[in-house]
Amino acid sequence: MADTIRSTISQSPEPSDPLVRGRFTDGRTEFAVRASSADAPDSFQVYVPGTRADIVLIVSGINSGVMHATWGEGWRGYASEWKVWLEDTAFRYFYRFARPSPHPKGGNDFREGASTRRPGGVRFCDG
């Protein structure tokens, strides 16, 4: 796998769902970011396209400033480094930034215990 993240950047919402802000990948799985509403969304979801029921992450409390991250059942066991990267990248797409950050591990397995090094970041979610 490549050492850098591959990205499919959606500059405009998908025709089938105007709330989708964009898609990105970690080199293994593609993710989509979807706002909760068109006007002043208070949350967003990250899910695997094609299986919208496979919720990876929900970030709520955006308007109040008291953000909370809730991880989907199959995604809770991933390393904290990977989760921080996914949150940061999802925020960029939620706010329509088109360039995701490079993934710190470049497509390796990111399950808990894979790495203890935390990449630089500024975002905080109480979750």
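Which residues touch the most other members of the largest nonpolar core? Here they are: Phe44, Val46, Val56, Trp82 and Leu86, out of 23 residues in that core. Keep in mind that this is a predicted model.

## The overall layout

Let's start with the big picture. The chain has 1 helix and 5 strands, and along the sequence they come in the pattern β-β-β-β-β-α. Of its 127 residues, 44% count as buried.

The chain exposes about 6,900 Å², and carbon and sulfur atoms supply 50% of that area. If you take the contacts between residues at least 6 apart in sequence, 43% join residues at least 24 apart.

## The sheet

The strands make an open sheet with antiparallel pairing, in the order β1-β2-β3-β4-β5. β1 (20-25) and β5 (68-71) sit at the edges with a single partner strand each, so one side of each has no neighbour in the sheet. On average, neighbouring strands are turned by 25° against each other, direction ignored.

β4, residues 51-60, pairs with β5 in the antiparallel sense over 4 bridges. Follow valine 59 across to β5 and you land on its bridge partner, alanine 69.

## The helix and the core

Helix α1 covers residues 80-94 and lies across β1, β2 (30-35), β3 (43-48), β4 and β5. Its direction is about 145° to β1.

In soluble globular proteins, nonpolar side chains tend to be buried together. In this core, β2, β3, β4, β5 and α1 are the elements that give two or more residues, and the largest share, 7 residues, comes from α1.

Leaving aside residues up to four places away in sequence, valine 46 touches Phe31, Ala32, Val33, Asp54, Ile55, Val56, Leu57, Leu86 and Ala90.

## Two salt bridges

How many salt bridges does a search of the whole structure find? There are 2. One of them joins the side chains of aspartate 17 and arginine 34, at 2.6 Å from N to O. Aspartate 17 lies in the segment before β1 and arginine 34 in strand β2, so the pair ties together parts that are 17 residues apart in sequence. Is aspartate 17 buried or exposed? It's buried, with a relative accessible area of 7%.

Arginine 23 and glutamate 30 also meet through their side chains in a salt bridge, at 3.3 Å from N to O. Arginine 23 counts as partly exposed at 22% relative accessibility, and glutamate 30 is partly exposed too, with a relative accessible area of 32%.

Technical notes. Residues are numbered from 1 along each chain as its sequence is written. This is a predicted model: local features need pLDDT of at least 70, side-chain atom pairs count only at pLDDT 80 or more; totals for chains, interfaces and linings use all residues. Side-chain values use heavy atoms; hydrogens and water are left out. Two strands pair if DSSP finds at least two bridges between them. Axes are lines fitted to C-alpha atoms, for helices over the stretch in contact, and angles run from 0 to 180 degrees between N-to-C directions. Contact means heavy atoms within 4.5 Å. A nonpolar core is a set of buried Ala, Val, Leu, Ile, Met, Phe, Trp, Tyr and Cys residues joined through side-chain atoms within 4.5 Å. Buried means under 20% relative accessible area, exposed over 50%, partly exposed in between (1.4 Å probe, protein chains only). Accessible areas come from the Shrake-Rupley method with a 1.4 Å probe; for residues, only the protein chains shown count as cover. A salt bridge is a side-chain nitrogen of Lys or Arg within 4 Å of a carboxyl oxygen of Asp or Glu.
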